[in-house]
Amino acid sequence: MKQILSCTLSAIILSLTHGVRAEEVDIAPLAISVPSSVQNPINAGQPVTFSEAPAYADNNGQTEFRLVADSDNRFEFYFPGTPAEPRRCELRTRMEDFRRGHVEVLRDGEWERVGELTGSNPATLDWEPVLVSAVAIVIEETTDRDHEPMRLRSIRLLSDTPWEMPHAAPTLKLSTTQPDKVFKLGEPIKVSCTIGGDWPTPLHLRWRWDDFLNDPLHPGGEVEAPTDGPITLSWQPDEQGPVLLKASLVTPSGAVVAETWLLVGIRDPAFPGNVPAFSSRLADAPPTRDELIGQDKMLWSAELYIRMIDPTYSAQKLDFSLFKDAGFNVVGAYQNMPWFEPLPGVYNFKTLDRIVKKAEETDIFLELGLWRWDKYVDGGLQPWLQSYLSRGRDGDDVSRMFSPSAESYREAVLRAAEVFVRRYRSSPAVALWYVHPYGQVDHEITSEMLNGEARYDYSMHAVHAYQEYLRQKFGTIATLNAAYGTDYKDFASIEIPKSLAATSKDQAHAGNIVDNRPLWRDYLFFRDDLTVLGLQEQVYKIVRQLDPIRPIAGMSNSMAAQSSAAEIDLRQRYGAFYGDQGLDIPALVRRYLPVIGGGLPFRGEPIRPYSPTRFRGDLKAATGQSLFDGAVVGIKHMQFVFSTWENNPVWEMLTYPPLREAFAANSDATPYPSKAGLLHSFRTGALEGETSYPNIELHRWVELLGWSRTIVKPGLWVEPLMADGNTEGFADKKLIIDNNSRVLEPGVIDALVDFVSQGGYLVIQRTSGEYSDDSPEPMFSLASKLGYPHAASLGNVFATEGVARGEKFLAGMELPLRSLCVLEKPGATVVATVDGKNVALEWKFGKGKVLLFGGIPGYAYTGEIRLLRKAGKDEEANQLWADWQQALERELEGLTAHLLTWAGLPPQGIQSDAPIDVMVRARGETLWVPLRNHSSNELIGITLSLPQELPGATRANAIMVDRTEALIPDDQTGSAWVLPQLDAGEFCLIEFSR
């Protein structure tokens with residue numbers, strides 16, 4: 001090629017000193033633009049047509065263009081008819097910084113490289129202007145710094161001379177009469193190509209056949225463009241899969257006048273029963289769960305999330321040894337469902353094939369998965385499923401998800417899961433299956449998507465499935481009406497119900513309404529257990545039929561599911577992990593219950609530390625919080641979301657071998673038992689208020705966060721207990737504190753009554769056990785069975801909120817309470833009042849004692865937060881939430897200390913005077929202590945006292961995350977130890993040996 005148009009020193013100096021001259025114009029938006037790949041080649045089943053370049057030339061944030069991480073991203077701008085004279089290029093990215101690239105120009109039919117792009121954001125290049133037919137911007141490498149798709153924000157081509165296309169560009173259309181554009185394997189693809197419009201010079205039609213990764217399958221051909229009707233482009237592939245037909249009209253100088261791509265598919269009718277297995281070169285057997293996460297073992301993994309989202313991901317440049325050398329033993333690779341099955345029954349194996357091959361070559365394990373059966377990107381990613389979308393009550397399609405009640409959709413999910421497992425079960429590199437049947441993680445399926453209706457699905461599919469469920473349950477409409485107190489004429493007239501919270505006129509306080517109607521409980525069972533968990537179980541069955549060995553990973557959706565017990569049971573039966581995405585929220589109680597109550601290994605994904613652009617702040621502190629939460633739960637699979645290992649300081653912090661070894665040993669330890677327990681009911685959250693993420697059981701959610709932070713304060717370890725059906729943890733407790741469990745099963749109520757009778761101390765709130773069975777009316781059975789007279793009076797609220805002033809063993813305590821009622825019981829001791837009214841009583845029951853609060857600890861801000869959110873004032877709502885939570889944490893710390901004293905218990909767990917989060921886990925003669933300095937100051941000389949009933953330790957070792965081991969001086973021994981120093985926000989994991 002000709003070596004001309006080099007960057008000159010004068011041009012560079014001019015650019016640096018004067019910037020862009022005022023008379024220069026951006027000619028990129030007027031050019032015909034063709035990228036090397038497109039964000040959505042599926043395009044709702046329609047051809048992708050390229051013309052002017054607003055998608056990456058107008059600096060509009062809504063039209064950004066996705067980049068491919070490990071491939072050259074080439075953006076070509078053509079000037080047909082009249083050559084242009086651009087002299088400068090400016091390129092801006094969205095979150096990542098530009099690293100390497102170049103510019104080429106098309107002149108006399110040849111592409112010539114004119115220089116390297118310089119700078120980061122924007123990246124620029126100046127050259128001497130010469131008449132050219134096209135300019136190509138080639139992006140070879142960016143920093144990829146965020147847990148978000150890599151996006152190009154704008155490309156500008158600046159010229160001293162304006163340019164306009166001299167003639168209207170001709171049209172180029174591709175079409176086929178084949179349904180869904182899918183052909184059977186063994187028959188040729190036939191596509192009609194039609195050219196319209198006029199152009200003054202002769203044009204040539206070029207076409208080629210590429211795979212879904214933009215790699216060539218067949219060179220196609222080139223002919224003089226016909227002017228008298230369409231021509232047929234034909235080719236017969238020898239394997240199933242998606243195929244991109246790329247056609248263009250070009251001038252004699254090589255300038256593109258029109259460009260169109262069409263996605264077609266080749267379906268093998270023998271699928272899913274006869275899927276060709278991935279050709280593995282290894283003969284090793286896949287590891288079992290015990291081999292992966294047995295004693296002193298855990299999974300420490302990195303994720304290819306962003307690279308896998310892009311349909312054109314090729315894995316050609318990514319070196320898996322980067323992860324292996326850093327100490328990771330697993331790479332998480334999940335294909336978005338539309339990119340795995342872009343057309344019905346047509347599967348893209350090439351992306352995952354290359355990932356599996358890379359893993360085998362590197363000798364590293366994979367968590368291989370399918371994720372997100374949804375439309376997600378505008379344009380309809382799976383057009384053949386669009387009629388199965390979830391819908392709002394008004395019929396609007398405002399959801400990102402398909403209806404899990406639609407039989408055709410469920411069939412597609414199960415078919416794809418079977419094809420996926422059949423394809424890759426032969427590879428020993430696949431260590432875990434991540435097959436997510438519903439398509440979203442917990443906080444997304446409970447998001448406020450359907451106009452605030454969360455994942456309530458009002459599509460005809462859901463309505464019909466719900467009606468059929470009721471028909472199967474009740475048999476006759478008369479039986480249903482008797483149970484519900486309704487007057488439906490037949491099952492076909494039944495609509496999906498609204499919760500009492502949704503129909504309340506007082507939306508400010510709707511979050512406090514419990515809907516315990518049999519009708520509503522049946523609907524939640526249909527929605528959560530029968531539909532969502534039912535679909536999960538169908539997928540799990542397929543996995544187990546095809547692969548009885550490898551564990552199942554993935555996410556759980558217990559945030560608002562009615563039955564957490566059913567979810568835990570499902571994962572126990574099929575060898576699955578319990579999963580949670582964000583480890584940066586200190587919701588220990590929520591994670592602890594399935595791990596301890598269900599014996600499930602925990603899989604967590606810290607996100608906040610690995611998105612330095614998305615989440616501003618101290619990366620070290622955020623990482624420390626994630627590590628602390630994971631160590632407290634005894635995490636068995638720590639999945640780091642490293643789309644961002646390049647130029648990411650967290651990478652260095654987490655590749656420290658002693659840290660991984662300590663985490664593995666700690667994962668087999670068990671939380672040191674406490675004589676105090678915190679009772680939490682997931683069922684209450686499902687029945688109370690709206691179950692959408694911003695408003696989900698809002699006050700209970702904040703209380704849960706408050707308790708989570710409280711119980712990891714020194715001396716305040718209170719073991720979480722599940723209130724939904726499992727009472728085994730009650731036996732060894734001296735004190736049980738109920739976290740506003742308004743809905744309790746009769747068996748749990750009886751177990752609590754027996755607990756107190758046998759000498760236990762029980763703390764309940766006004767609404768604890770307010771509902772039992774499926775009675776729609778409050779019965780206050782727990783208080784009544786514990787001897788509180790006229791329990792129905794607990795429903796008589798006299799104040800929205802107040803500050804209770806403690807007496808007796810609560811002396812000196814000021815506790816905010818909401819939804820207050822006056823308490824009266826002969827012989828009971830008054831221990832707190834509000835304005836002279838009794839709001840806390842203590843009395844003996846059997847051998848034990850009961851403490852009843854006539855209100856709920858916390859602040860009555862729920863309504864205000866809800867109204868702020870509905871008004872779009874999220875920032876104010878979030879600040880109020882944060883203030884409320886911090887204040888509640890302080891109050892709960894003081895309350896817990898008083899309650900331990902009341903029950904005659906010493907401080908529980910590790911004691912210290914320092915402002916730290918801490919917990920103790922035991923494994924034989926070794927104690928593991930996760931510890932974090934949550935203050936904003938460096939702490940020096942932190943004194944730690946081991947639990948009183950333990951013998952002293954003889955050695956301690958503190959493992960930090962970003963430096964060598966910090967040994968606690970060997971001259972220490974016994975039950976009290978001093979940690980020399982801990983920076984603000986820093987986490988360490990201490991091993992005490994005896």
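A residue is counted as buried when its relative accessible area is under 20%. In this predicted model, Asp353 has a relative accessible area of 14% and is therefore buried. Arg423 is likewise buried, at 11%. The side chains of these residues, Arg423 and Asp353, meet in a salt bridge with an N to O distance of 2.6 Å. Because Arg423 belongs to helix 7 (residues 407-424) and Asp353 to helix 6, the pair ties together parts that are 70 residues apart in sequence.

Helix 6 (residues 350-362) also contains Lys350, which is linked to Glu239 in the loop between strand 17 (231-235) and strand 18 (241-250), 111 residues apart. Lys350 is partly exposed, with a relative accessible area of 26%, and Glu239 is partly exposed at 43%.

Arg87 and Asp160 form a further salt bridge, with the closest N and O atoms 3.9 Å apart. Arg87 lies in strand 6 (residues 86-93), and Asp160 in the loop between strand 11 (151-159) and strand 12 (171-175). Here Arg87 is buried at 8%, whereas Asp160 is partly exposed at 34%. Salt bridges also join Asp26, Arg88, Glu90, Asp126 and Arg156 in a network. The count of salt bridges comes to 44.

The largest nonpolar core comprises 140 residues, and Leu368, Phe420 and Tyr424 are among those with the most contacts inside it. Its largest share, eleven residues, is contributed by helix 23 (residues 874-902). A second, separate core has 30 residues, including Ile736, Leu744, Leu786 and Phe845. Among the residues touched by Leu368 are Ile355, Val356, Phe420, Tyr424 and Trp433.

Terms used. Residues numbered from 1 in each chain as written. Predicted model: local features only at pLDDT ≥ 70, side-chain atom pairs only at ≥ 80, totals over all residues. Heavy atoms only, no water. Core = buried A, V, L, I, M, F, W, Y, C linked by side-chain atoms within 4.5 Å. Buried < 20%, exposed > 50% of the residue type's maximum accessible area, 1.4 Å probe, protein only. Helix = DSSP H or I, 4+ residues; strand = E, 2+ residues; numbered from the N terminus. Contact = heavy atoms within 4.5 Å. Salt bridge = Lys/Arg side-chain N within 4 Å of Asp/Glu carboxyl O. Lists of a residue's contacts leave out its neighbours within four places in sequence.
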